[in-house]
Amino acid sequence: MKTRTIQEGGTRALVPPVPDDGQLSISSASVFYNPEMELNRDLSVASIAAFSQIMSSRRHLEMSEITYVDALSASGIRGLRIAKEVGLNVTLNDWSEEAYTLIKENAAINDLTDKVRICLGNANALLHKERYNIVDIDPFGSPTTYLDAASSSVINMLAVTATDTAPLCGAHLNSGIRKYSAVPLNVEYHSEMGLRIMLGMIARDLARHEKAMHPMFCHATRHYVRAYLEVKKGANKTDKCLKDLGFIAHCTKCTARSVHYGMAVHIPEKCELCGEETSIAGPLWLGPLHNREFCDSVLVQLTNRELGKKEYAVKIVELCRNELDIPTFYDQHLLTKKLGISAMPMEELLKELTGDGFKASRTHFSGTSFKTNAGLKEILDILRRF
Ligand code: SAM
């Protein structure tokens with residue numbers, strides 16, 4: 001296979017040559033490597049390092065005693081970076097023989113041959129057979145077909161990527177329903193919708209194994225969503241976790257929304273603000289997306305490392321750290337367009353909201369979005385004042 005050498009963080013890898021006709025070629029190359037996901041991998045290195053350090057100090061473990069599996073490794077770049085830059089005990093798996101051969105070469109050029117385990121096989125078979133402290137699922141498209149096996153395998157942390165944003169965000173509704181056993185809505189907060197639909201699915205998969213999830217850091221960036229979830233075993237913990245599943249009633253006329261926690265819940269059919277019929281999304285995750293202290297630890301890891309996408313990664317984590325952790329965000333531009341007025345600087349809007357006694361923050365989802373515990377009526381009143 002023709003290859004070129006790339007470097008991410010402190011790790012080198014041989015990958016297929018740059019395709020000359022875009023994304024399609026990346027996915028049809030004999031071994032998958034997407035340079036756009038360097039940011040995702042930089043964030044993975046920092047997040048998994050932060051989590052492993054917390055684990056190691058709580059349980060007096062060496063980093064090399066913590067097991068990590070990248071069940072869908074392709075070139076191996078993600079897992080090799082975790083082995084080299086974090087020092088965990090890493091297993092790399094792929095069912096493609098070409099990927100398996102390339103992972104071996106990549107382990108060798110990083111002097112990791114004796115330090116990582118490389119497997120050729122079906123991710124689900126491996127994960128149903130073996131337990132790992134940290135399980136990473138980073139597929140092309142939807143992670144859903146790996147979630148049962150990943151839930152069976154994981155002990156402490158589950159990291160999951162989904163790149164099928166159209167089904168997740170309701171743009172391809174039937175595909176979303178098929179894959180995620182939930183109804184996503186294609187609304188202005190579609191990126192948050194996608195993240196919460198994926199998290200809802202993961203919570204339900206883990207629950208079958210009596211495992212509960214605690215989101216530590218979750219983000220929607222460009223064409224993908226990514227979640228780092230602490231996992232805890234136990235029926236009571238799982239029951240408690242499932243209380244954060246529920247539904248969103250969204251009014252497509254005035255964009256008011258109400259959230260309804262629980263799987264057995266009465267959802268009002270009419271919008272409380274304008275009386276129009278609402279559309280219902282769910283079941284989805286309505287609980288927190290971030291743990292502040294964990295985001296602080298990730299920021300320390302990012303700051304102390306040489307990373308290609310450091311600046312962007314820091315920005316995402318900082319925004320997530322400071323984001324008001326409630327569903328769902330509003331888009332200022334959409335609201336002001338509906339009112340026929342021009343948008344105000346975001347800092348001023350946030351100041352007005354907090355001045356009126358509400359909580360408010362920017363979000364990592366987009367530059368024009370904000371979160372607040374004010375209702376739509378109060379938000380519109382503030383926007384009209386200007
Ligand atoms: N995690 C990689 C990274 O960060 O560069 C990218 C992985 S790539 C998107 C997905 C890989 O999963 C492909 O190499 C494919 O061969 C492999 N794959 C797909 N289904 C699989 C399965 N059921 N078992 C094992 N490998 C699988």
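Helices (H or I, at least four residues) and strands (E, at least two) are DSSP runs, numbered from the N terminus. The model is predicted: local features need pLDDT of at least 70, side-chain atom pairs count only at pLDDT 80 or more, and totals for chains, interfaces and linings use all residues. Residues are numbered from 1 along each chain as its sequence is written, and side-chain values use heavy atoms, with hydrogens and water left out.

**View 1. The loop that holds Thr-328.** Thr-328 is found between helix H12 (310-322) and strand E13 (330-331), in the loop. The peptide bond from Pro-327 to Thr-328 is cis. Its omega is near 0°.

**View 2. A cis bond at Pro-283.** Gly-282 and Pro-283 are joined by a cis peptide bond, with omega about 0°. Pro-283 is part of strand E12 (residues 279-285).

**View 3. Positive phi at Ser-181.** Ser-181 is not a glycine, yet has a positive phi of about 45°. The loop between helix H8 (173-180) and helix H9 (190-208) contains Ser-181.

**View 4. The shell around the ligand.**

**View 5. Polar pairs at the ligand.** A polar contact here is a pair of N or O atoms within 3.5 Å. A polar side-chain atom of Asp-138 lies 2.8 Å from a ligand nitrogen atom. For Trp-95, a backbone N or O atom lies 3.2 Å from a nitrogen atom of the ligand. For Asn-122, a side-chain N or O atom is 3.5 Å from a ligand nitrogen atom. The protein covers 90% of the 610 Å² of accessible area that the ligand has on its own (Shrake-Rupley method, 1.4 Å probe).

View 6. The protein has 15 helices and 15 strands. Its C-alpha atoms fill a box of roughly 65 × 45 × 40 Å along the principal axes.

How values were computed
Polar contact = N/O pair within 3.5 Å; in protein donor to acceptor, adjacent residues only side chain to side chain.
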